Number of protein chains: 2
Amino acid sequence: MYDIDLNHYTEVVDKALALRPQIEAAVDKICEEGYSNIFFIGCGGTYAHSLPMMYWLETTSSRINAYSVIAAEFMAMGHKKFSKDSVCVFSTRSGNTKEILAAAKFCKEAGARTLVYVSNENTPIYEFADYIFQSPAEDPNLCEAIYSYSITLLARFMKNAGEFPKYDELVEGMSKLTPYLIRAKEQYDPFCQDLAKKFKDVNYHMIVGGGILWGEAYDYAMCILEEMQWIKTKSIHACEFFHGTLELVEEDTSVILFYGEDETRPLMDRVSNFVNKVSKEVTVFDTKTVELPFTDPEFRKIVSPMVIYTITERLSAHLAKERNHPLTTRRYYRQIEY
Amino acid sequence: MYDIDLNHYTEVVDKALALRPQIEAAVDKICEEGYSNIFFIGCGGTYAHSLPMMYWLETTSSRINAYSVIAAEFMAMGHKKFSKDSVCVFSTRSGNTKEILAAAKFCKEAGARTLVYVSNENTPIYEFADYIFQSPAEDPNLCEAIYSYSITLLARFMKNAGEFPKYDELVEGMSKLTPYLIRAKEQYDPFCQDLAKKFKDVNYHMIVGGGILWGEAYDYAMCILEEMQWIKTKSIHACEFFHGTLELVEEDTSVILFYGEDETRPLMDRVSNFVNKVSKEVTVFDTKTVELPFTDPEFRKIVSPMVIYTITERLSAHLAKERNHPLTTRRYYRQIEY
């Protein structure tokens with residue numbers, strides 16, 4: 001496959017999955033001490049990747065209160081549900097993102113417990129982490145690392161609250177995930193190669209997702225197509241699509257559907273029915289087409305954000321090639337002051 | 001002013017504000033009975049207009065748990081925080097929006113208490129409302145009615161929880177609001193007329209907002225520019241702007257800033273600093289420029305979503321005229337089956 005080192009990919013995902021005993025020990029200690037609520041605190045991609053965790057929590061737990069907040073806004077607003085009894089969950093590739101550092105410092109100094117996944121070793125974030133979970137990752141595989149961490153972490157909290165008895169089964173299945181993700185990439189690679197050729201000069205895409213995949217639709221639009229390819233997008237929730245954005249759809253409008261396997265799948269069918277009546281440029285990424293090391297629909301739902309990220313990464317790679325626009329080029333971010 | 005009947009506008013806003021005693025009685029009764037949490041349940045505009053209420057709540061109350069959910073997703077997902085002890089808050093202009101009817105029916109049948117603001121009398125939603133609050137409104141003034149209702153309602157819940165002692169002062173000030181909103185419209189009308197001429201052929205706008213105005217940025221992009229004018233948009237949160245969307249900004253990119261008066265205002269300054277370095281097409285709507293019947297910064301923050309809606313309504317009206325595209329024209333919504 002183009003622009004991917006599968007040995008390296010395997011190492012990255014396996015090392016992230018191998019953080020499990022550390023995560024379990026941290027969560028068990030926190031549960032023993034007690035806590036009031038959980039804050040997922042992120043920005044951009046790390047905020048986006050916390051939204052599926054919120055969806056999963058709200059469809060599973062009646063006992064755990066959690067919030068997903070944007071770091072800079074959290075700092076400015078003075079969130080009244082936050083206290084020293086809160087558990088604060090971060091992830092950062094670089095370990096030096098300003099907004100994340102500021103929020104982690106604030107939370108730690110307020111006496112709350114901070115848990116941080118970081119890719120880069122011995123970076124400034126270490127100073128503000130009560131619990132640090134480090135494994136190597138780069139942008140094209142970061143999501144796998146973040147999800148390995150946050151799925152394990154949240155599953156453990158829910159297990160300890162008596163709300164997720166299938167914990168052992170889930171993590172056992174997840175430990176076998178890596179080769180399945182690689183096969184998913186191989187399965188979608190030719191499709192993405194063709195798609196990238198077709199998309200080469202398309203300057204606007206709608207990306208639609210719902211349920212546990214909404215955060216991924218938001219992320220792919222903003223962090224990949226906009227940030228890394230400078231292509232205009234509208235990410236729109238499968239339900240909200242019908243309250244405005246649908247009016248824009250024409251025969252040649254590119255609409256990309258992120259189909260998952262959660263309770264909201266029928267809501268994606270509604271979008272699909274509509275857009276296929278109007279547009280000839282509808283693209284589907286469907287996690288259901290991918291083989292996984294478990295068949296329990298609940299587990300497939302839980303890892304579906306990881307699966308959609310893994311397969312759409314193939315589109316990003318081919319787009320960069322076809323458009324002669326490397327995924328790492330930025331004209332403004334970290335280039336100029338604001 | 002173009003396309004607005006000020007007598008009618010005054011009647012609409014005053015009648016909405018006059019619902020206060022009914023709202024107070026309902027909330028007081030519910031607080032006496034007890035409740036576990038509050039669900040704001042909406043879709044499109046009514047979902048968007050609940051987001052400011054969530055921001056206000058999270059910056060004010062440590063005791064009340066609330067959720068803002070999209071009606072169709074709420075129904076599909078099975079939200080584990082919802083129970084018969086929940087309070088369910090709806091608003092609907094038509095009184096017959098399918099998704100709202102289905103959710104209100106479900107909530108009422110589950111034994112939860114349902115509160116509904118509706119513009120159209122004796123519509124199907126009445127059947128599923130434990131408490132109905134009706135006052136006339138149409139799209140261009142609906143937001144004033146919805147906010148009069150939801151601000152009063154949430155303020156009363158927080159007062160009763162001992163977390164909003166300034167309640168009487170707020171509602172006293174709000175009862176004088178109508179002429180100030182009209183003056184705000186008059187103040188922004190010439191600016192919006194010029195802007196509409198300039199925007200006539202612009203086919204893409206970024207709309208940036210944060211804090212209590214994020215929902216309004218989302219709404220103006222989707223429900224006005226996309227739905228009513230068929231113009232492409234990206235609504236983007238003031239903090240999230242820097243994690244992708246900024247890379248798209250060029251000299252001629254239209255960026256519309258919704259400036260409010262909450263804790264996140266400095267985060268808008270950061271966006272403004274950046275976009276003014278790159279684009280020559282930056283537009284600012286700032287609630288701070290508008291006179292209001294109170295000076296307490298907290299009250300100004302609370303009504304700022306209403307103020308931004310009121311002044312941007314002038315842009316919508318002039319855009320419709322300049323573009324010869326009535327705000328009521330739909331090609332798909334409620335026109336075809338999906």
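Trainee: Which residue's side chain does the side chain of A:E58 join in a polar contact?
Mentor: That partner is B:K81, and the polar contact is 2.6 Å. A polar contact here is a pair of N or O atoms within 3.5 Å; within protein, one must be able to donate a hydrogen and the other to accept it, and residues adjacent in sequence count only if both atoms are side-chain atoms. Before we go on: this is a predicted model, where local features need pLDDT of at least 70, side-chain atom pairs count only at pLDDT 80 or more, and totals for chains, interfaces and linings use all residues. Residues are numbered from 1 along each chain as its sequence is written, chains are lettered from A and ligands numbered from 1 in the order in which they are written, and side-chain values use heavy atoms, with hydrogens and water left out.

Trainee: Thanks! Where is A:E58 placed?
Mentor: A:E58 sits in helix α4 of chain A, residues 51-58. Helices (H or I, at least four residues) and strands (E, at least two) are DSSP runs, numbered from the N terminus.

Trainee: Is A:E58 buried or exposed?
Mentor: A:E58 counts as buried because its relative accessibility is 7%. Buried means under 20% relative accessible area, exposed over 50%, and partly exposed in between (1.4 Å probe, protein chains only).

Trainee: And what is A:E58 in contact with?
Mentor: Leaving aside neighbours within four places in sequence, A:E58 is in contact with A:A66 and with B:Y67, B:M77, B:G78, B:H79, B:K80 and B:K81. Contact means heavy atoms within 4.5 Å.

Trainee: Let's zoom out. How many residues does the contact take from each chain?
Mentor: Chain A gives 65 residues and chain B gives 65 residues. About 5,700 Å² is buried between chain B and chain A, with carbon and sulfur atoms giving 57% of that area. Buried area is the accessible area (1.4 Å probe) that two parts lose on being put together, summed over both.

Trainee: Which three residues supply 14% of the area that chain B buries against chain A?
Mentor: Those are B:H243, B:E247 and B:Y338, and they supply more than any other three residues.

Trainee: How many salt bridges are there between chain B and chain A?
Mentor: The count is eight. A salt bridge is a side-chain nitrogen of Lys or Arg within 4 Å of a carboxyl oxygen of Asp or Glu. For example, the side chains of B:E99 and A:R270 meet in a salt bridge at 3.4 Å, N to O. There are also 40 residue pairs in polar contact between chain B and chain A, both residues at pLDDT 80 or more. Among the elements of chain B that give two or more residues to the side touching chain A are α4 (51-58), β2 (66-70) and β7 (232-237).

Trainee: What about salt bridges inside chain A, say which residue pairs with A:E33?
Mentor: A:E33 forms a salt bridge with A:K29, the closest N and O atoms being 2.9 Å apart. The two are separated by about one helical turn because they are four residues apart in helix α2 (residues 20-33) of chain A.

Trainee: Which residue does A:R300 meet in a salt bridge?
Mentor: The side chain of A:R300 meets that of A:E261, at 2.5 Å from N to O. This pair links distant parts of the chain, 39 residues apart: A:R300 is in helix α12 of chain A, while A:E261 is in the loop between β8 (254-259) and α11 (265-278) of chain A. Both A:R300 and A:E261 are buried.

Trainee: New topic: why is strand β3 of chain B largely enclosed by the rest of the structure?
Mentor: Seven of the seven residues of β3(B), residues 86-92, are buried, so the strand is largely enclosed. Both faces are covered, with B:S86, B:C88, B:F90 and B:T92 on one side and B:V87, B:V89 and B:S91 on the other.

Trainee: Which strand joins β3(B) by six bridges?
Mentor: That is strand β4 of chain B (residues 113-118), and the two run parallel. B:C88 stands opposite B:T114 in β4(B). Strand β1 (residues 37-42) of chain B also pairs with β3(B) in the parallel sense, over four bridges. Two strands pair if DSSP finds at least two bridges between them.
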